[in-house]
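Here is a short tour of one protein model, meant to be read with the structure open beside you. We begin with the whole chain and then stop at a couple of residues.

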Amino acid sequence: MKLPTLSRLTHTVLLTIGLGLLTTSHLVAQERYDVVLSGGRVMDPETGLDAIRNVGIRGQTIVAISEEALEGDRVIDVSGRVVAPGFIDLHAHGQDNRANEFHARDGITTALELEGGMPDVAAYLGTRAGDALINYGATASHMAARTWVMPQHRDAVARAGDILGRGGSITPEDRQELGEATGAGRYEALDPSLYPDLHARLRQGLSAGALGIGMSHQYFPGATHDEIYRVFEMAGEEGVPIFTHVRDMSIAAFQEVIANGVATGAPLHIVHMNSSSLWNIPTTLDLIAGAQAAGADLTTEAYPYTAASTSLQSAIFDPGWQERLRISYGDLQWQDTGERLTEETFHKYREEGGIVIIHMMQPEWIAMAMASPIVMVASDGMPYAPGAHPRSAGTFSRFLGRYVRDEGILSLMDGLRKITIMPARRLEAMSPQMRRKGRIQIGSDADITVFDPDRIIDTATFEDDLSYSEGIAHVLVNGVFVVQDGENVEGVRPGQAVVGRFVVF
């Protein structure tokens with residue numbers, strides 16, 4: 001029997017469809033990526049994805065996550081390793097590329113100065129633009145702003161302006177002088193008639209790209225409860241987050257800022273709740289959790305070490321510090337030499353100025369903070385210096401290696417959540433850029449950390465100079481390798497500014 005002949009139109013349609021299918025198949029087969037991470041355990045804390053996948057990157061964006069093999073200009077075999085969102089550090093005082101080298105080797109792709117902030121946000125962002133190893137950003141400094149509007153401190157303000165106006169990296173000596181200048185009014189109350197000038201100065205920082213307001217008022221005890229509350233009012237009106245180092249190591253200090261946040265609607269993040277709580281940590285954890293349950297826009301963080309670090313000439317060491325902190329001279333370690341202090345060397349170094357490591361916390365307090373689902377991990381890392389606190393180099397590897405893997409206080413996914421999606425979400429309302437970070441998803445920025453879950457660990461100690469963490473195989477920032485095969489990549493500068501929504505270009 002003779003089959004019917006297809007009409008010319010039908011034949012043409014079928015041929016077109018067939019060619020289309022062939023063309024589509026051909027295009028899929030030929031899809032090519034700049035970088036492919038092949039065969040790794042992809043873990044995305046937002047969606048819960050935890051599976052073997054291949055990740056395709058084009059430019060600075062993740063554009064494919066597939067069970068199928070992908071072709072790329074560079075195909076990196078990451079089998080046996082975790083492919084995670086790059087770690088986000090909300091609290092990093094080291095804001096230069098030497099400090100960033102240690103950050104990158106600890107899996108960090110974004111390191112932000114949110115506690116103290118920057119006295120001149122525009123100058124800071126301008127200095128780092130095009131020359132940053134990892135992503136960077138900062139808040140506007142409340143301490144600097146209040147000093148800069150005090151007429152009696154115009155000389156200090158001018159001195160700070162000279163330092164900031166030089167551009168380039170700030171030396172440790174510059175940093176100490178800048179701290180003294182911006183904190184010149186730290187023991188003085190601000191006249192309420194100057195509040196509008198203070199708020200205008202903070203708004204100037206926000207328009208330059210600040211990610212909120214940095215308020216470390218333990219360091220400027222002259223700030224009254226009224227001054228602090230009025231800054232919260234301003235932040236609440238604008239929907240601007242405040243990142244605060246609370247007034248002192250007490251439950252009342254937490255209650256002050258939480259009440260301010262609830263009363264004004266200001267988003268609030270309490271930094272290093274471990275070192276600000278000390279023996280009160282069970283109560284402060286319950287206080288924060290209760291406020292969150294009641295609807296407060298409130299978050300917090302801690303670091304996984306039993307020692308703090310700060311300037312010895314700060315207000316923390318004003319008379320009575322031993323009673324307040326329940327420690328003595330021998331619990332203080334001088335950063336430059338590693339020596340434990342005596343009464344004599346305490347007074348000598350306090351006069352000279354410099355950084356001290358403060359051994360004042362118990363391991364069980366730290367474990368409690370690390371295990372809590374409401375506490376993020378952030379380093380409070382110091383600027384690079386020989387003998388600096390090991391948190392400047394090993395915070396995230398220590399958390400994942402010691403607390404998650406070895407002590408099993410959290411699952412790996414829950415651990416990753418505390419250092420990726422939680423900090424990203426804290427900033428999303430202020431910086432839409434953060435909606436593309438802290439995730440391994442199509443359309444997200446290719447900020448990626450690849451690590452060996454069986455080997456990741458910190459190596460830096462309190463006795464020696466900083467050293468790199470182990471187990472971090474690859475780190476990409478905006479699609480560019482900054483760590484490859486466990487080594488720093490020389491000469492790359494893919495870091496970009498993370499800025500707030502008020503920025504005016």
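For 505 residues, a compact globule would have a radius of gyration near 23 Å, and the protein chain has 25 Å, which agrees. Keep in mind as you look around that this is a predicted model. Taken along the principal axes, the box filled by the C-alpha atoms of the protein chain is roughly 110 × 45 × 45 Å.

The protein chain contains 17 helices and 20 strands. Of its 505 residues, 57% are buried. Among contacts with a separation of 6 or more in the protein chain, 73% are between residues 24 or more positions apart.

Now for the surface and the charges. The protein chain exposes about 20100 Å², and carbon and sulfur atoms supply 53% of that area. There are 41 positive and 64 negative charges in the protein chain, and their mean positions lie 6 Å apart.

Aspartate 380 has a positive phi, near 55 degrees, in a residue other than glycine. Aspartate 485 is not a glycine either, and its phi is positive at about 55 degrees.

| Residue | Loop between |
|---|---|
| Aspartate 380 | β16 (375-377) and α15 (391-406) |
| Aspartate 485 | β19 (480-484) and β20 (487-488) |

Are these residues buried or exposed? Aspartate 380 has a relative accessible area of 5%, so it is buried, the cut-off being under 20%. Aspartate 485 has 59% relative accessibility and therefore counts as exposed, the cut-off there being over 50%.

Conventions
Residues numbered from 1 in each chain as written. Predicted model: local features only at pLDDT ≥ 70, side-chain atom pairs only at ≥ 80, totals over all residues. Heavy atoms only, no water. Helix = DSSP H or I, 4+ residues; strand = E, 2+ residues; numbered from the N terminus. Rg over C-alpha atoms; globule rule 2.2 N^0.38 Å. Buried < 20%, exposed > 50% of the residue type's maximum accessible area, 1.4 Å probe, protein only. Contact = heavy atoms within 4.5 Å. Areas by Shrake-Rupley, 256 points an atom, 1.4 Å probe, with all protein chains shown as cover. Lys, Arg positive; Asp, Glu negative; His and termini not counted. Charge placed at Lys NZ, Arg CZ, Asp CG, Glu CD.
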